[in-house]
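Me: I have a structure to read. Please take me through a few of its features.

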Amino acid sequence: MTKLLSSSPEPSTASHKAFDDTIGAPLWLLAELTYRCPLQCPYCSNPLDFASQQKELSTDEWRDVLHQARAMGAVQMGFSGGEPLVRDDLEELVAEARELGFYTNLITSGLGLDEARILALRDAGLDHIQISLQAADEEMAAALAGSKKAHAKKLAMARAVKAAGYPMVLNVVLHRHNIDQIDKVIALCVELGADAVELANCQLYGWAHLNRAGLLPSRSQLDAAEATTQRWRQQLAAEGKDMRLLFVVPDYYAERPKACMGGWGAIFMTVTPDGTVLPCHSARELPMTFPTVREQPLNSIWYESFSFNRFRGDEWMPSPCRECDERHKDFGGCRCQAYLLTGDETATDPVCDLSPQHGLIEAARAEAAADNRSVAELTPRNKRESQVFCRE
Ligand code: SF4
Ligand code: FES
């Protein structure tokens, strides 16, 4: 289960001096403004115990985070959650970020958006809006999101975003219950006038890991979906349509792991709603304590904290990563995935076919193949379910 965070400051690593010149600046800041969300997708990557979070950062605290991150060299930022639109200071924070020179991206379900708010965000200087869709049809979307109204609202907001002059980027999280709809999903995105579509197979963290056996598609589903995507790419090119289709395969069907976040503490940092600072959006699931901006400046967290230095470099790596030529390309894979699968955050990511624990991936695929749960039988991501994990 996920570990609750201690509120005490973590020790700094004596061996790392501030502004260590072997550590690059963080280029990306993900501001998870809130864990509140009107939807309850069973593949959400938020931590299982999100209901135990401390009070959300105030507007002024977020402003301070933005200033600190920009002063450290961060240039790109995403506003996400939960659903970031439930924060009524979102426009204010976007304006502040823009004023500081960030390139800003809003990652949203579209719920909480309306035409007035789209214009207000545009006036605030928001560069980019990415809306997520659950499925091609209302019935499946409602079953996944736990809301009958969400699908129609998302479609209306996608059209409104396009009408306001934004490039329309749609994101569809794929899993075994919607992947066979991919032809209709892409047709819907074409009809909406999308400029880019990310067809991202669900990565198995947080609630998605909890529901893993009921979400992982089969190899044949995956192959068929990739072939359909390729057919659409050719058709769109033949018609002279410039809609980009990105298909992201699930790690569990890869032979080698991804270079997660471009390396631990290399370019990316997430600040969670209560100000906890993480090297990736899922690191709260690790059995480690992470510092918060309420206790420590961001600069010191990035360069000096034990948690950010824990998996930098290659000294921490076990065999076979330690002797492997790939170790500076994939950094031994994803720490969160290694922990969720093996219980050891220092293990080689079992996705790697050189890992002595690669059999866990094969076992997970077999477990998924034997799982017949419907969408309604998956555990929804909501506060009531989260409170169960807060008590454990
Ligand atoms: Fe990457 Fe480690 Fe596998 Fe080598 S052994 S490919 S470094 S995960
Ligand atoms: Fe945390 Fe990969 S998601 S290190």
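**Reading the model**

Reply: Start with the ligand: the shell around ligand 1 has six nonpolar, three polar and five charged residues. Ala, Val, Leu, Ile, Met, Phe, Trp, Tyr, Cys and Pro count as nonpolar, Asp, Glu, Lys and Arg as charged, and the others, Gly among them, as polar. This is a predicted model: local features need pLDDT of at least 70, side-chain atom pairs count only at pLDDT 80 or more, and totals for chains, interfaces and linings use all residues. Residues are numbered from 1 along each chain as its sequence is written, while chains are lettered from A and ligands numbered from 1 in the order in which they are written.

Me: Which residues are the closest to ligand 1?

Reply: A residue is near a molecule if its C-beta atom, placed from the backbone, lies within 6 Å of it. Here 14 residues surround ligand 1, and C321, C324, E326, R327 and C352 are the closest.

Me: What is phi of M261 near?

Reply: Phi of M261 is near 55°, a positive value in a residue other than glycine. A residue is buried if 20 or more other C-beta atoms, placed from the backbone, lie within 10 Å of its own, exposed if 12 or fewer, and partly exposed in between. M261 has 24 C-beta neighbours inside 10 Å, so M261 counts as buried. F331 has a positive phi too, near 55°. F331 is buried, with 25 other C-beta atoms within 10 Å.
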